[in-house]
Amino acid sequence: MIYAAVMGYGTVGAGVVQVLTMNRDEVKRHTGEEIAVKYVLDLRDFPGSPVEKILTHNYEDILNDPEVRIVVETMGGLRPAYDFTKRALMAGKHVCTSNKELVAEHGVELCRIAAEHQVNYLFEASCGGGIPIIRALNASLTADRIEMVEGILNGTTNYILTSMAEEGKEFDDALREAQKMGYAELHPEADIEGWDACRKIAILSSLAYGQHISYKDVHTVGITEIDAADMTYAKAAGCKIKLIGRSCREEKGVSILVEPMMIGPENQLYSVDGVMNAVFVRGNALGDAMLYGSGAGSLPTASAVCGDVADCAKHLNKTIRTGLTEENASVLPAGNVPGRFFVRMDGDAGKAAVLAGAGGVMRLPEFPEEFAFFSEQMTEEELRTRCAAFGNVRKIIRRG
């Protein structure tokens with residue numbers, strides 16, 4: 001019997017307890033040992049719940065119990081999750097987490113501490129919910145040189161953008177619907193401003209390229225400025241607008257950003273709608289591959305956490321390499337990354353046609369006072385400089 005403790009009995013924590021209970025035999029079949037939850041740590045009481053008899057309000061109960069070999073951290077945030085995780089690792093306990101904020105901020109340090117104490121700090125569920133992308137990068141793709149990582153990494157924003165595209169809603173209305181459906185938090189800034197996706201693409205890129213990329217260096221634009229008019233143009237152009245995290249190896253470093261992008265059917269992420277997530281990778285040997293699935297939710301995320309728990313149970317006395325390193329990558333300024341852009345402008349469409357190149361200028365009857373076009377390949381700084389000579393720019397959206 002291997003005993004575990006779960007810190008935080010919210011959506012994911014409750015899911016972890018449920019998965020370890022209902023799939024007890026499957027977990028044992030893969031690990032050779034039965035895994036049981038001995039403690040659940042939370043500030044609240046849960047009378048009549050399945051964890052009523054194993055609930056504790058005191059972290060020291062977990063830390064000081066030598067039978068607890070694996071700790072699951074699903075508290076979220078940095079405090080007290082960081083302190084509890086660090087102490088558990090230093091006490092020789094394995095830690096599995098779904099906390100992307102903690103991994104992005106302190107993951108390198110916590111992995112180092114885990115290695116020093118011959119335990120594991122695993123974080124599969126921190127990126128993409130139930131999608132096993134981290135395990136793929138750390139195991140299946142270790143013989144590949146990964147050249148690009150791209151993904152729809154946030155279910156809330158994907159649901160909002162899908163709703164706007166399919167139902168013609170403005171952003172605020174789509175957000176309220178997402179909150180009503182339980183897909184968006186009461187305070188959704190981390191999602192809609194792109195911070196959640198920013199942390200995830202930083203973690204995935206650090207693993208893919210073998211050098212640390214701080215989320216603070218990721219150029220990040222959320223979806224709050226996307227409106228129904230943008231969606232109308234996108235549909236007319238045969239495209240969709242998605243919030244995408246993307247990083248690429250370049251000659252002089254790594255380009256990395258999170259932005260709403262206008263993508264066409266040729267992009268593998270085009271059909272990823274609703275609350276679903278997907279991660280696309282390109283390797284020099286594998287070529288292109290994509291993992292698709294539920295990016296959030298109690299059981300999908302818990303499935304990823306419990307996969308880490310099972311890995312810890314199989315490696316109780318061995319540290320698994322996570323791929324996070326203290327060597328920092330050279331991150332290129334986002335303004336210098338070339339691309340094509342969708343532009344909405346006021347002004348003289350005839351003169352501005354020179355910016356559109358072969359793509360030509362779009363005029364829609366719904367918006368008689370403006371025009372739009374897809375730029376040729378250039379940096380956003382170059383584009384804005386050139387546009388300034390022709391009229392007022394209403395919107396610039398990167399072409400994915």
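Predicted model: local features only at pLDDT ≥ 70, side-chain atom pairs only at ≥ 80, totals over all residues.

Me: OK. Is Ser206 buried or exposed, then?

Reply: Ser206 has a relative accessibility of 2%, so it counts as buried. You'll find Ser206 in helix H10, which covers residues 195–209.

Me: What does the side chain of Ser206 reach?

Reply: It reaches the backbone nitrogen of Ile213, at 2.9 Å.

Me: And which residues does Ser206 touch?

Reply: Leaving out residues up to four places away in sequence, Ser206 touches Gln211, His212, Ile213, Gly323 and Leu324.

Me: Now the holes. How many cavities of 30 Å³ or more does a search of the whole structure find?

Reply: One. The largest cavity holds about 60 Å³ of space. Ser206 is part of its lining, and others there include Val103, Ala202, His212, Ile213, Tyr215 and Leu324.

Me: Which element gives the most to that lining of the largest cavity?

Reply: H5, with four residues. Both H5 and H10 supply at least two residues each.

Me: How do the lining residues of the largest cavity divide into nonpolar, polar and charged?

Reply: Eight are nonpolar and four are polar, with no charged ones.

Me: Switching to pockets. How much space lies in the largest pocket?

Reply: About 1100 Å³. Its lining has 41 residues, and Lys100, Glu185, Asp191, Asp196 and Ala296 lie nearest the centre.

Me: Which elements each supply at least two residues of the lining there, in the largest pocket?

Reply: Among them are helix H1 (11–22), helix H5 (100–116), H10 and strand E11 (276–283). Helix H7 (155–167), helix H9 (189–192) and helix H12 (298–314) do too. By type, the lining of the largest pocket has 12 nonpolar, 22 polar and seven charged residues.

Me: And how much space lies in the second largest pocket?

Reply: About 350 Å³. That pocket is lined by 21 residues, and the closest to its centre are Met148, Glu150, Arg246, Arg399 and Gly400. Two or more lining residues come from each of strand E7 (146–152), strand E9 (240–250), strand E10 (253–263), E11 and strand E16 (393–399).

Me: How do the residues of that second largest pocket's lining divide?

Reply: Seven are nonpolar, six polar and eight charged.

Note on methods
Residues numbered from 1 in each chain as written. Heavy atoms only, no water. Buried < 20%, exposed > 50% of the residue type's maximum accessible area, 1.4 Å probe, protein only. Polar contact = N/O pair within 3.5 Å; in protein donor to acceptor, adjacent residues only side chain to side chain. Contact = heavy atoms within 4.5 Å. 1 Å grid on protein atoms, 1.4 Å probe; cavity = no way out; pocket = protein on both sides within 12 Å on 5 of 7 lines; lining within 4 Å. Points joined across faces, edges and corners; volume = space filled by probe spheres on them. Nonpolar A, V, L, I, M, F, W, Y, C, P; charged D, E, K, R; others polar.
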